[in-house]
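This briefing goes through a structure by topic. Please look over the sequence and the model first.

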Amino acid sequence: MTTPVLSIRNLSVEIPTRQGIVKPVDGVSYDVGKGEILGVVGESGAGKSMAGNAVIGLLNAPAHISGGEIWLNGRRIDPLKGEDMRRLRGKEIGMIFQDPLTSLNPLLTIGDQLTETMLTHLPISRKEARERAIAALEEVGIPGAAERIDSYPHEFSGGMRQRVVIALALCAEPSLVIADEPTTALDVSVQAQIISLLKRLCHERGTAVMLITHDMGVIAEAADRVAVMYAGRLAELGTVRDVLTVPQHPYTHGLMASTPLASQGRKRLHQIPGAMPRLHHMPDGCAFHPRCPHARDKCRAAPLPPVANERAACWFPMLPEEVQ
Amino acid sequence: MSAYVTVRGLTRVFDVSKPWLNRVLEGRKKAFLTAVSDVDFEIEERTTYALVGESGSGKSTIGKMLVGLLNPSEGNVEVEGVNLMTEADADRIAASRSNIQMIFQDPYASLNPRWRVRDIIVEPVAAQGGKTEGLAEKLLEQVGLHASDAGKFPHEFSGGQRQRICIARSLASEPRLIVCDEPTSALDVSVQAQVLNLMSDLKDEFGLTYLLITHDLTVVRHMADRIGVLYLGRLVEEADPETLFNTPKHPYTQMLLSAAPRMDAFGREVPPPQGEIPDPIDPPSGCAFHPRCPIATDVCRKDRPAMRALAASKVACHLAE
Ligand SMILES: Nc1ncnc2c1ncn2[C@@H]1O[C@H](COP(=O)(O)OP(=O)(O)O)[C@@H](O)[C@H]1O
Ligand SMILES: Nc1ncnc2c1ncn2[C@@H]1O[C@H](COP(=O)(O)OP(=O)(O)O)[C@@H](O)[C@H]1O
Ligand code: SF4
Ligand SMILES: [Mg+2]
Ligand SMILES: [Mg+2]
């Protein structure tokens with residue numbers, strides 16, 4: 001097997017708080033291969049962003065990596081600090097966030113931002129960088145790129161800004177892109193444009209993408225594989241088709257069943273009782289057991305089977321015939 | 001069945017001009033934004049009418065005009081036969097208004113953090129001088145919380161629980177119509193399912209009528225009896241859910257439905273929609289959708305299409321068939 005672009009092994013993140021240490025990410029492992037889109041899905045507070053921020057070294061203190069390893073193209077990167085991490089971030093890892101304005105400097109034209117990024121990371125001349133910047137903007141579908149390159153971020157609509165951010169994330173030709181809810185703030189028609197763009201660029205260039213979202217529909221359309229997170233842990237990992245059509249983890253199943261679907265008509269929606277546990281009050285055993293219809297004694301006591309060997313972190317994974 | 005609400009020619013224009021001095025210095029004219037333009041619809045009693053559209057299409061503005069938080073620039077809202085715009089009898093207007101309540105998207109912003117849940121819930125009744133004894137406790141249980149929650153503060157609740165509190169408050173004055181503006185858009189899907197089920201139960205139990213405002217097509221399909229699709233402040237199509245989802249007639253509706261992510265569409269490759277929503281201050285001529293419409297012709301650029309009946313739908317498009 002070829003080395004994955006990104007490999008996260010048993011990653012944990014801790015935050016010391018007044019009420020004790022909490023673990024927003026707890027023993028998570030997954031890989032993202034070349035040209036692959038890994039969807040990371042889960043409800044808010046599941047630890048999706050924390051896991052992504054850990055990879056790019058952008059955890060806000062006092063949150064810190066407390067265990068595990070992060071490998072990028074065969075090189076261990078979790079111990080990197082300061083300047084080394086910053087260089088890696090621009091060059092090898094591109095980032096796209098929900099709010100495009102967090103990635104753009106309001107005081108610089110988008111052309112300056114693109115050329116500066118390229119000049120920092122690529123051995124090219126300023127003139128060449130500008131030409132490439134125009135090409136990059138054309139590639140992400142900015143109409144009239146050659147004229148608009150000297151515009152400021154506020155002169156673009158939300159959808160166009162997110163396109164600029166994608167151009168910026170990709171311009172130094174990174175091998176990995178982390179996109180954290182890149183379409184959550186956008187309307188469906190613009191979301192469809194951005195997802196299609198992201199898919200095309202990733203597949204054309206062989207970029208590995210970690211696509212973080214709470215939206216199962218986006219996962220279904222964009223991702224090749226999916227990691228379902230719950231309360232800081234991995235609940236299920238597999239190909240999108242497997243996980244979404246025959247989910248094994250009762251949480252994944254509950255999540256799918258509570259989404260209104262055309263095929264279900266107007267009958268009552270499935271409800272997962274209760275809510276995700278607070279990090280300060282994590283249940284023993286499987287974190288999902290208080291809400292799980294299949295929970296037995298073993299679920300309340302024993303630590304879970306690792307997802308590395310199974311598809312779901314569950315003692316009693318659902319059988320295909322239990323899922324319709 | 002009879003129409004509980006009738007909306008006719010509803011229009012709202014906002015003055016979005018810069019301050020006078022800036023206009024003089026920069027030599028600019030006054031600027032107006034037509035947020036809602038000539039909208040007609042009826043809501044049958046005990047049904048759910050959904051308004052769907054992308055952001056800025058005028059959904060919230062319509063909702064606010066219905067509950068009286070905003071005045072229409074033109075047009076009429078009639079509730080149970082009382083025309084809220086022209087009725088002279090202030091008591092009749094007040095009586096109609098008290099039959100309408102609204103819940104909002106953000107359950108964090110819409111609850112006063114310094115008030116106890118009890119006071120928040122009974123406020124609409126207390127404001128009218130009504131009896132509030134035990135009311136909050138009863139309503140809390142009806143929305144799936146505990147009577148003992150009445151003494152707590154909003155920050156002690158999760159997003160989904162807060163939306164239940166908002167719903168409890170909206171029920172306090174025993175309204176007949178509730179305008180729900182993106183009631184689940186800030187919630188996770190599993191919590192959304194709880195809130196949508198609750199809304200359906202309450203509708204059956206109290207014989208409520210809903211105006212459901214949302215951009216989420218899955219929610220619309222699940223909840224609505226009738227759907228109006230808005231684009232740039234105008235209704236472009238209206239139909240029942242089966243008809244709308246199976247045979248959308250307006251090119252915008254078709255675009256919206258094909259763009260919505262589908263859980264059964266693994267790796268689907270469809271050409272994404274073209275273009276973006278135009279500037280509402282300077283909307284396109286004729287049919288406002290024409291710059292993005294794949295079938296537009298000259299007539300679309302010149303003339304605004306009127307709403308017309310087409311099979312089981314109503315559609316404002318020259319070419320839809
Ligand atoms: N400074 C902090 N102190 C305590 N808990 C925190 C802090 N920052 C974030 N968290 C918690 O970490 C968890 C994971 O958050 P996040 O990764 O943002 O979730 P997601 O992106 O899946 O919505 C959440 O439960 C959040 O409340
Ligand atoms: N108070 C206001 N002043 C000026 N423009 C407004 C105001 N409220 C809404 N608008 C504009 O009216 C249009 C419709 O807004 P809104 O009804 O909030 O849409 P929706 O709820 O469908 O997203 C938008 O272009 C919005 O910017
Ligand atoms: S009226 Fe013309 S431009 Fe508008 S939607 Fe219909 S075909 Fe398209
Ligand atoms: Mg997040
Ligand atoms: Mg709105």
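**Briefing: backbone, helix packing and interface**

A:P62 sits in the loop of chain A that runs between α1 (48-55) and β4 (64-72). Helices (H or I, at least four residues) and strands (E, at least two) are DSSP runs, numbered from the N terminus. This is a predicted model, in which local features need pLDDT of at least 70, side-chain atom pairs count only at pLDDT 80 or more, and totals for chains, interfaces and linings use all residues. Residues are numbered from 1 along each chain as its sequence is written, chains are lettered from A and ligands numbered from 1 in the order in which they are written, and side-chain values use heavy atoms, with hydrogens and water left out.

**Backbone**

- Most residues other than glycine have a negative phi, and most peptide bonds are trans.
- The peptide bond from A:A61 to A:P62 is cis, and its omega is near 5°.
- A:E173 has a positive phi, near 55°, and is not a glycine.
- A:E173 belongs to the loop between α6 and β7 (176-180) of chain A.

- Axes are lines fitted to C-alpha atoms, for helices over the stretch in contact, and angles run from 0 to 180 degrees between N-to-C directions.
- Angles under 35 degrees count as roughly parallel, over 145 as roughly antiparallel, 65 to 115 as roughly perpendicular and the rest as oblique.
- A crossing is left-handed if the near helix is turned anticlockwise from the far one by less than a right angle, and right-handed if clockwise.
- The axes of helix α3 (residues 110-121) and helix α6 (residues 158-170), both of chain A, come within 9 Å and cross at roughly 15°.
- α3(A) and α6(A) are therefore roughly parallel to each other, and their crossing is right-handed.
- On α3(A), the contact (heavy atoms within 4.5 Å) uses A:I110, A:Q113, A:L114 and A:T117; on α6(A), A:V164, A:A167 and A:L168.
- The residues of this α3(A)-α6(A) contact divide into 5 nonpolar, 2 polar and no charged.
- Ala, Val, Leu, Ile, Met, Phe, Trp, Tyr, Cys and Pro count as nonpolar, Asp, Glu, Lys and Arg as charged, and the others, Gly among them, as polar.
- The axes of α6(A) and α7(A) come within 10 Å and cross at roughly 15°.
- α6(A) and α7(A) are therefore roughly parallel to each other, with a right-handed crossing.
- Residues in the contact include A:G159 and A:R163 of α6(A), and A:V190 and A:R205 of α7(A).
- The α6(A)-α7(A) contact residues divide into 7 nonpolar, 3 polar and 2 charged.

**Interface of chains A and B**

- 42 residues of chain A are in contact with 38 residues of chain B.
- The area buried between the two chains (accessible area, 1.4 Å probe, that two parts lose on being put together, summed over both) is about 3,400 Å², of which carbon and sulfur atoms give 52%.
- Helix α7 (residues 188-205) of chain A and helix α10 (residues 251-259) of chain B have axes that come within 8 Å and cross at roughly 50°.
- That angle makes α7(A) oblique to α10(B), and the crossing is left-handed.
- A:V188, A:S189 and A:A192 of α7(A) make the contact with B:M255, B:L256 and B:A259 of α10(B).
- The residues of this α7(A)-α10(B) contact divide into 5 nonpolar, 1 polar and no charged.

**Salt bridges**

- A salt bridge is a side-chain nitrogen of Lys or Arg within 4 Å of a carboxyl oxygen of Asp or Glu.
- The count over all chains is 30 salt bridges.
- Across the interface of chain A and chain B there is 1 salt bridge.
- The side chains of A:R268 and B:D201 form a salt bridge at 2.6 Å, N to O.
- A:D84 and A:R87 form a salt bridge at 3.9 Å, N to O.
- Both A:D84 and A:R87 lie in helix α2 (residues 82-91) of chain A, 3 residues apart, about one turn of the helix.
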